[in-house]
Amino acid sequence: MARLNMVEAIDQCLLQEMQRDERVIVLGEDVGRDGGVFRVTEGLFERFGPQRVIDTPLAESGIVGMAIGMAIAGFRPVAEIQFSGFAYPAYDQLVCHAARMRNRSRGEFTVPLVVRTPYGGGIRALEHHSESMEAVFVHVPGLKVVVPADPYEAKGLLASAVRDPDPVIFFEPARVYRAIRTEVPEEPYTIPLGKARMVREGRDVTLIAWGAQVRIIREAAERLAAEGVAEAEVVDLRTLSPFDHETVIDSVKKTGRAVVVHEAPRTGGFGAEVSAQIMERAVLHLEAPVVRVTGFDTVPPLAKLEDYYQPDVEAVVEAVRESLRF
Amino acid sequence: MAPPGTAPEKPDRTPDSKEGGLGLDSASQDAGLDCERLLSLFRCMVRIRAFEEHAHKEFLKGEMPGFLHLYSGEEAIAAGVMDTLEDDDYIVTSHRGHGHLLARGSDPKRMFAELFGRVDGYCRGKGGSMHIADMSRGFLGANGIVGAAVNIGTGAAFAAKYRGEKRVSVSFFGDASTNRGTFHEALNLAAIWELPAVYVCENNFYGSANYQSDYMKLKDIADRAASYGFPGVVVDGNDVLAVRAAAVEAVTRARSGGGPTLIECKTWRHWGHFIGDMARYRDPAEHEAWLKRDPIPSFKAKLLAWGVASENELAQIEEAAEAEMDEAVAYGKASPFPPVSELTAGVYKEDRP
């Protein structure tokens, strides 16, 4: 089986979905002739031509707004926003239209749209180029929010997103793009939205993350095991909306402890929702308060300070120790 | 009908052709400027070029974080416009903003410190290349969001007018940014309230990887001004005196209560959209033709022809700029990284004394 990085896996998925369904159209800034700023759409323009791989003007609200209309009118647009920090002009379109069209029309019509966008730090950029603002989209009823952790996951989850009847925001962890390779089957496959993944079984503590942080909690779990501190269970949420609380709650009922990790700012981050759900559904099983390991309530900084901003294995291990000490 | 995104086959986009033509008479006059003024324009452009070349070199060494968007090739615009401004005027610019800062008098040492992410930078090393601000010079910031300058600059123009000040606000932005809804909103506001705003479009013909005719039907972006009801002019952005002459007119209009102007400067970036972008989307013939229109050698030739300075004197200016930027790089690198406490400082006022 081929070992692909996430860029290749997503590219392959888009190619196969476009082959499978001629209603699938890719559009965005530089996605065509240039192959995308991160080269994710490389080869699609040559394969499908300018009618289905469309270079748009630089205008995010225009891209997403038009994609909404295309989706209502029967297409399956996959719009790319170059960095998630550039998505805010399109936020209006997503919140005011994409998210509520099904409800507004009482199911008469829907918006089968995917917005793909790289997010998160670790690429030595800052601000708009490194933000992790998934919670801002999770809060909007009617949007689905998906964050793949590795290449295999990305291909299967994106296929589901493209085939999904509702609008999906697909956050691609920029730092994972070329950092790791996993085995990715050549043939198309789907991973259902709304179902978390049990990455590692354990009994002492549940580690919960999504996207780029899954690798970190996994490493933390291995270190905790190697040092004889704890056997950690590792849960990759995969999709934040819908949120598979069952997998999380079942795990926490077993382990009695939970650590949630995200690189987004702490206040109002999705970790707060995870923590609240655990409190509501499993409080009597808890041996310690839920611990959050997060970014800070600040704008992602440049270079050196980013090393402090980002949660790392060390911070997760320390959070587990804190939970165990309680 | 051609499908969306279809470009004409192999168009000739060299500067003097029909497709890529400037349609301009670039033979600018010396505008009655004295020798010192002419040399200061030359010095300004040379310093910007030297800064960008140093930044490029350091970036390729891998010592500079973030993204780097070079201004090389567009120096005549920053030099020509800034020369017409007063000390208290406002300036807002884009991700390609080093040239505007230097032309405004900002210190290349502190700029390099910022590019290296060091504490002596203009933003204490937290902003990097794309977000340098220098309030001491009315410089309200470079900005990582394409076209952000037009809205912020419009607000600054409103403030000046509201307070009855004679200040002008100049916004710099690229060609592709004029397709954003925000551009329309800002220019319309400036028009209805007759704000003292000057909008300088640096049209280098490419919005990232796409040629102008791929993303707009207009040949001249200046034509957009007509839809807001104020003047729009096209100038050869590689001719510092032509830029300066257009800026004098626009700034005078703004300062005297005549409202906004859109100046479109046709120019060329010598490098890709950012360093790392190999600009394979450009036709080599087009690129070569534009390099021959490099604003610095062409102005240098004029200065020599007019007897403003000798070959030797101009060479000294170039050497001085090199030495200045060597020193600025060294200063930037010697500055320490910001302390960890800086991470959460400055989000709100109370975070910093």
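**Salt bridges and interfaces in the predicted model**

Over all chains, the count comes to 46 salt bridges, a salt bridge being a side-chain nitrogen of Lys or Arg within 4 Å of a carboxyl oxygen of Asp or Glu. The model is predicted, and local features need pLDDT of at least 70, side-chain atom pairs count only at pLDDT 80 or more, and totals for chains, interfaces and linings use all residues. Residues are numbered from 1 along each chain as its sequence is written, chains are lettered from A and ligands numbered from 1 in the order in which they are written, and side-chain values use heavy atoms, with hydrogens and water left out.

Within chain A, A:Arg33 and A:Asp55 form a salt bridge in which the closest N and O atoms are 4.0 Å apart. A:Arg33 lies in the loop between strand E2 (24-28) and helix H2 (44-48) of chain A and A:Asp55 in strand E3 (residues 53-55), so the pair ties together parts that are 22 residues apart in sequence. Helices (H or I, at least four residues) and strands (E, at least two) are DSSP runs, numbered from the N terminus. A:Arg33 is partly exposed at 35% relative accessibility, whereas A:Asp55 is buried at 8%; buried means under 20% relative accessible area, exposed over 50%, and partly exposed in between (1.4 Å probe, protein chains only).

A:Arg223 and A:Glu314 form another salt bridge, with the closest N and O atoms 2.9 Å apart. A:Arg223 belongs to helix H8 (residues 213-226) of chain A and A:Glu314 to helix H12 (residues 313-325) of chain A, and the two residues are 91 residues apart. Both partners are partly exposed, A:Arg223 at 30% relative accessibility and A:Glu314 at 48%.

The side chains of A:Lys254 and A:Glu233 also meet in a salt bridge (2.7 Å, N to O). This pair links helix H9 (residues 245-255) of chain A, which holds A:Lys254, to strand E11 (residues 232-236) of chain A, which holds A:Glu233, over 21 residues. A:Lys254 is partly exposed at 43% relative accessibility, while A:Glu233 is buried at 1%. Salt bridges that share partners join A:Asp150, A:Glu153, A:Arg197, A:Asp236 and A:Arg238 into one network.

Chain A is divided into domain 1 (2-184) and domain 2 (197-325), with bounds from an automatic or database domain assignment. The C-alpha centres of the two domains lie 26 Å apart. In domain 1, 31 residues are in contact with 27 residues of domain 2, where contact means heavy atoms within 4.5 Å. The domains bury about 2200 Å² between them, 57% of it on carbon and sulfur atoms; buried area is the accessible area (1.4 Å probe) that two parts lose on being put together, summed over both. Across this interface 4 salt bridges are found. In chain A, A:Arg197 forms a salt bridge with A:Asp150, with the closest N and O atoms 3.9 Å apart. Helix H6 (134-138), strand E6 (144-146) and helix H7 (151-163) of chain A each give two or more residues to the side of domain 1 that touches domain 2.

Between the chains, 42 residues of chain B are in contact with 33 residues of chain A. The buried area is about 2900 Å², of which carbon and sulfur atoms give 67%. This interface has 2 salt bridges. B:Arg180 and A:Glu60 meet through their side chains in a salt bridge (2.3 Å, N to O).
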